[in-house]
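Please read this report beside the sequence and the structure, which are shown next.

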Amino acid sequence: MTFSIDEWFVVVLARTIRDREVVFHGFGSPCAQVAMHVARHTHARDMLLVEGATYAVNPDPPFIPPTGNDLALQQGAPYRMRFEEFFDAAARGDVDRMFLSGGQIDGYGNTNVTAIGPLDRPKVKLGGGGGGCNLAASIGSLTLWTARHRSGRTLVERCDFVTDMGHRTAVGTRAELGFTGGGPQWLVTELGVFDYDADGYARLCQLFPDVGLDEVRAATGFPLRVASDLRPINPPSPAEIAALRTVDPLGVRRSEFSPQELRRTFTHGTSAACAC
Amino acid sequence: MPFHLFADKLVDLDRAASAVVDGALVALGGGLSARLPMALVRELIRAGRRDLHVLGSAHGIDVDLLVAAGAVAICEESYVGFEQDFGLAPAYRRAAETGAVEVRESCCATILAQLRAAEFGLPMLPVRGVKGSDIRRLHPEYAEVTCPFTGETLVVVPPLRPDVALIHAPLGDRHGNLHLDQPYVLDERFAAASRQVVATVERIASTEDVVAAGVTIPAHLVTAVAEVPYGAHPTSCYPGYAYDRPHLAEYVRAATAGGGELAGYIDRYVTGTATEEAYRKVVGEERLAALGQWSASTQAWKDLFR
């Protein structure tokens with residue numbers, strides 16, 4: 001079976017979800033959105049999936065549409081939360097995991113979705129953080145992701161603006177600020193997977209097989225910490241690929257990747273069969 | 001916020017939009033590309049409104065078009081854009097980068113707390129987060145308190161009382177009872193926290209019909225209601241119609257180009273159409289009817305989004 005980087009990437013995101021977790025994604029996050037449905041149809045059948053802009057609980061959408069607030073994302077849902085019902089649950093600690101991305105992500109997992117450059121005259125005004133700056137404080141664990149690691153502009157030494165707090169900012173640590181959630185647990189990129197060490201700092205622990213450590217180092221703006229047992233990422237199972245293709249027939253997940261990146265394809269049984 | 005007890009609130013769109021004056025704090029209902037109050041947005045631009053302070057959660061073409069038309073001074077939204085679908089909001093981005101609008105970016109949960117403070121008649125409410133975030137630098141009005149019970153230090157936020165909330169609903173009656181389908185986003189909170197609520201509805205129906213469908217926002221919170229079919233176009237208003245993805249693409253292209261192309265879009269679809277009836281003609285009745293075909297089959301629904 002042949003599969004492409006976007007498919008493998010989404011499966012890696014899905015695997016950060018544990019069964020019986022309450023999981024949420026922000027809007028404008030097709031990879032995370034597809035990943036949640038893949039998880040719910042494979043290893044996490046008893047998770048509670050909350051859609052990012054409809055707040056529908058455990059829907060079975062006929063397809064993932066290109067906008068996060070569409071009726072397709074409520075189809076088959078036994079219940080739809082109100083906006084405030086979801087935010088209240090997150091604030092009191094009843095939501096276990098959220099997927100969060102950023103135009104910039106630093107080593108402590110702080111994310112910037114507000115502006116690149118100085119705040120009074122930004123070079124690029126990004127869309128904004130939605131509910132992230134409160135949700136990131138109290139949701140149990142965060143899975144961070146970006147499909148733009150290779151650009152060299154995404155994983156940065158320091159965010160120009162911290163929209164959503166990771167493990168530590170200039171103001172202090174999560175514990176010092178009284179944040180009840182655990183903060184970033186994983187950072188998944190199109191090059192590899194990071195976990196977070198005892199300092200709350202990103203540590204590369206897994207690599208896609210067609211990616212070298214030097215490539216990761218060159219693309220990473222913060223000092224690269226590498227796990228002593230760095231290993232290749234396990235390929236997706238046929239069941240995971242099948243679930244993904246059923247959930248996302250329009251391929252909305254692909255909108256997060258650069259066209260060059262999407263040329264990366266793999267085949268089961270070979271360790272690094274990049275067809276590019 | 002005050003209850004509005006007069007019986008007949010049915011007005012024309014221009015009269016409804018006249019509740020918004022220059023400089024008003026305007027809450028925008030709906031979210032992303034769903035149920036945005038687009039007919040009211042277009043009418044505000046036709047009327048030449050200026051210096052608006054817009055408030056909302058995650059929005060798209062409503063805010064971007066108002067900014068493009070020069071109607072906005074302050075933008076207090078949690079997000080403005082077109083998701084991964086069409087990316088950044090071109091006019092908003094440009095205005096933020098040149099300083100033409102004041103970016104008072106906020107967080108959905110913070111806005112919710114501020115609306116609740118207004119609903120409760122309280123001077124502030126605490127929030128759990130915000131502290132580690134630079135969002136706080138955009139809001140000198142936030143403060144901190146020490147909880148007298150636990151000793152925790154928490155950020156507190158003041159009430160937000162919009163002058164007018166603009167809401168689009170599938171169904172309503174002439175008294176202002178509104179039926180909405182989920183997600184309501186912040187519409188119920190906006191309705192309860194705002195001084196005035198101005199609604200457009202796809203169809204005015206009898207009170208019995210609206211009650212049978214379910215009243216989401218009651219008449220006593222609503223000050224004016226106008227019947228405007230396709231009043232959310234090019235965003236969706238299910239069960240009537242899906243969002244018009246090619247139209248959004250056309251807008252984003254024009255807004256990205258700016259200058260004459262953007263002016264051309266505004267002239268063609270907003271200032272050049274004196275009424276919403278004229279707008280619907282320019283968009284095309286066939287195109288609008290096609291957006292209602294989502295329910296024919298899953299394939300038909302998917303085809304609308306390709």
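## Model and conventions

This is a predicted model, in which local features need pLDDT of at least 70 and side-chain atom pairs count only at pLDDT 80 or more, while totals for chains, interfaces and linings use all residues. Residues are numbered from 1 along each chain as its sequence is written, and chains are lettered from A and ligands numbered from 1 in the order in which they are written.

The scores are ipTM 0.96 and pTM 0.97. Chain B has a mean pLDDT of 97, with 100% of its residues at 70 or more; pLDDT is the predictor's confidence in each residue, from 0 to 100.

## Chain B as a whole

Chain B contains 13 helices and twelve strands. Helices (H or I, at least four residues) and strands (E, at least two) are DSSP runs, numbered from the N terminus. Along the principal axes, the C-alpha atoms of chain B fill a box of roughly 60 × 50 × 40 Å.

The radius of gyration of chain B is 19 Å, which agrees with the value near 19 Å for a compact globule of 306 residues. That radius is taken over C-alpha atoms, and the globule rule is 2.2 Å times the number of residues to the power 0.38. Of the 306 residues in chain B, 56% are buried. A residue is buried if 20 or more other C-beta atoms lie within 10 Å of its own, exposed if 12 or fewer, and partly exposed in between, with C-beta atoms placed from the backbone. Among contacts in chain B between residues at least 6 apart in sequence, 74% join residues at least 24 apart; a contact requires that the C-beta atoms of two residues, placed from the backbone, lie within 7 Å.

## Contact between the chains

Chain A and chain B each give 53 residues to the contact. On the side of chain A, the elements that give two or more residues are α3 (83-91) and α4 (132-138). The largest share of that side, seven residues, comes from α4(A).

By class, the side of chain A that touches chain B has 26 nonpolar, 19 polar and eight charged residues. Ala, Val, Leu, Ile, Met, Phe, Trp, Tyr, Cys and Pro count as nonpolar, Asp, Glu, Lys and Arg as charged, and the others, Gly among them, as polar.

## A helix pair in chain A

Helices α1 (residues 5-14) and α2 (residues 30-41) of chain A have axes that come within 8 Å and cross at roughly 65 degrees. Axes are lines fitted to C-alpha atoms, for helices over the stretch in contact, and angles run from 0 to 180 degrees between N-to-C directions.

Residues of α1(A) in this contact include Phe9(A) and Leu13(A), and those of α2(A) include Val34(A) and Val38(A). The contact has eleven nonpolar, no polar and no charged residues.

## Backbone details

Most residues other than glycine have a negative phi, and most peptide bonds are trans. In chain B, the bond from Gln182(B) to Pro183(B) is cis, with omega near 0 degrees. Pro183(B) lies in the loop between β10 (178-179) and α7 (187-193) of chain B, and Val185(B) is also placed in the loop between β10 and α7. Phi of Val185(B) is positive, near 50 degrees, and Val185(B) is buried, with 29 other C-beta atoms within 10 Å. Another cis bond joins His233(B) and Pro234(B), with omega about 10 degrees.

In chain A, Asn58(A) has a positive phi near 50 degrees. Asn58(A) is in the loop between β4 (56-57) and β5 (79-80) of chain A and counts as partly exposed because it has 16 C-beta neighbours inside 10 Å.
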